[in-house]
Amino acid sequence: MFMKRFAELVFEHPEILDNFLFGNGFSQSFHSAFKYKSLYENVKNNLEAADRRLFEDVLDTTNFEMVLNRILHTQDVNKVYGLCSNHLDQSYQNIKMHLIHSVNNSHPCFKEIAKSRDRLAWSFGIFKRNIFTTNYDLLTYWGLIELLDNKRNVKDGFSSKNWSLVFDRTNFRADALNFYYLHGALHFYEENGKIKKTKAGTDNLLKSVTQQFENERFPLYVSEGSTEKKEAQIKSNYYFLSCMDKLHKIKKGLTIFGQDLNQQYDGHILDALNKSEKLEYIAYGIYPTETDTYSDIKHRIEKLLRTSNKTVLFFDSRTFFDSVKEIATEGCSFHNDPSVFPERILLASFNHNKIKKQAPQI
């Protein structure tokens, strides 16, 4: 079945460059260490034998969220029959802990990502208002720094206070490109009731985060196995509430890339999108496989967003990065080669107003 390129949708509906929501599929395109299999392989020998059997023999998966979700359902069954779930509670917490340790331990260093800096910077730089991610890793931070170094006005809600970087939602700016970590990040932690960000330059941030672990400053993150559990954690935290509130209030258009939008795990995100009154267009990137065809995924997403009254568009997610080159070239005054990413220094000259709506080809 024919799928449109991302660039085609942008030139037909430039509004979809207003906001960007991405998940683990985005990080996987930069490094294999972010794949579920890699994350599991990194910690499987540290898991309890019963927990390994749950991953490998019972569920045959490396997806942490799927395993956590299954444990939660089993706990619910146990409650109905009055059975003890202490061992399940322990497994649930251990698996959550090992997930975030795996993300930290297997995380590529900045030098391993450096060759993709143009691709990373422009993937964010073509967007106009807000960047949302459900990822914990440092790619988003590195991309933000690339934009900041090249004179783009960006904000993540943190500012310096008493020698710490402290979050306050008033630090976001309507005239900036604002970054929101919907499920937290490796370099965020909570201390004395404040949400703080680890201090470090791009090259040694990963080392600083590891030191943060060793100092028992555990990262602020959400990895619960169900929508209900995620919502409970989000509602109890000022930072997460601020991020979800902003997602609920976005306007005009949104592009979604590398984000599965599974009802069991991401119901809170779907709810925010469905209830967003000023959001008009949602462009969803589809990555078809032998088991999940384009038609299957399209039907599932349309069903999940059917109450939103939004115009839902679809594109081939495999065209995303080449399309970013084309869009970046279109919006730069001093670059005319769509076969390569413009130099990051041209981010400052990128003009969203040059991305004009084009009439569809008939």
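Biologist: What covers the buried residues of α15?

Modeller: A caveat before the answer: this is a predicted model. Helix α15 spans residues 320–330, and eight of its 11 residues are buried. Those eight are F320, F321, S323, V324, K325, I327, A328 and T329. The elements that cover them include α1 (6–12), β1 (19–22), α2 (24–28), α8 (117–125), β10 (252–257) and β12 (311–316).

Biologist: Which residues form one aromatic cluster with F320 and F321?

Modeller: F320 and F321 are among the buried residues of α15. The aromatic cluster that contains them is made up, besides these two, of F6, F20, F22, F26, F30, F124, F127, F179, F257 and F315.

Biologist: Which residues of the largest nonpolar core touch the most other members?

Modeller: In soluble globular proteins, nonpolar side chains tend to be buried together. The largest nonpolar core here has 110 residues. The members with the most contacts to other members are F6, W122, I126 and Y239.

Biologist: Is Y239 buried or exposed, and what does Y239 touch?

Modeller: The relative accessible area of Y239 is 0%, so Y239 is buried. Leaving out residues up to four places away in sequence, Y239 touches F158, F167, Y180, Y181, F188, I195 and L220.

Biologist: How many aromatic pairs are there, and what is the geometry of F55 and F64?

Modeller: A pair of aromatic rings is described by the distance of the centres and the angle of the planes. The count comes to 34 aromatic pairs. For F55 and F64 the centres are 5.3 Å apart and the planes make 70 degrees, which is edge-to-face.

Biologist: Are F55 and F64 buried or exposed?

Modeller: F55 has 0% relative accessibility and therefore counts as buried. F64 has a relative accessible area of 1%, so F64 is also buried.

Biologist: What kind of pair do the rings of F167 and Y239 form, and which elements hold them?

Modeller: The ring centres of F167 and Y239 are 4.7 Å apart with the planes at 80 degrees, so the pair is edge-to-face. F167 is buried at a relative accessible area of 5%. The pair ties together parts 72 residues apart in sequence, because F167 lies in strand β5 (residues 164–167) and Y239 in helix α12 (residues 238–248).

Biologist: Where is T227, and what is T227 in contact with?

Modeller: T227 belongs to helix α11 (residues 227–235). With a relative accessible area of 7%, T227 is buried. Leaving aside neighbours within four places in sequence, T227 is in contact with Q263, Q264, Y265, D266, G267 and H268.

Biologist: Which residues make the nonpolar surface patch of about 460 Å²?

Modeller: One of its members, V77, is in helix α5 (residues 64–80). V77 has 45% relative accessibility and so counts as partly exposed. The patch is made by V77, V80, Y81 and L83.

Biologist: What separates the C-alpha atoms of K207 and C109?

Modeller: K207 is in helix α10 (residues 205–214). At 65% relative accessibility, K207 counts as exposed. K207 and C109 are 98 residues apart along the chain, and their C-alpha atoms are separated by 8.9 Å.

Terms used
Residues are numbered from 1 along each chain as its sequence is written. Side-chain values use heavy atoms; hydrogens and water are left out. Helices (H or I, at least four residues) and strands (E, at least two) are DSSP runs, numbered from the N terminus. Buried means under 20% relative accessible area, exposed over 50%, partly exposed in between (1.4 Å probe, protein chains only). Contact means heavy atoms within 4.5 Å. Patches are made of residues with over 30% relative accessible area and no salt bridge: like charges are joined within 9 Å, nonpolar side chains (Val, Leu, Ile, Met, Phe, Trp, Tyr) within 5 Å. Accessible areas come from the Shrake-Rupley method with a 1.4 Å probe; for residues, only the protein chains shown count as cover. A salt bridge is a side-chain nitrogen of Lys or Arg within 4 Å of a carboxyl oxygen of Asp or Glu. A nonpolar core is a set of buried Ala, Val, Leu, Ile, Met, Phe, Trp, Tyr and Cys residues joined through side-chain atoms within 4.5 Å. Rings of Phe, Tyr and Trp (its six-membered ring) pair if their centres lie within 6.5 Å; planes under 30 degrees apart count as stacked, over 60 as edge-to-face and the rest as tilted.
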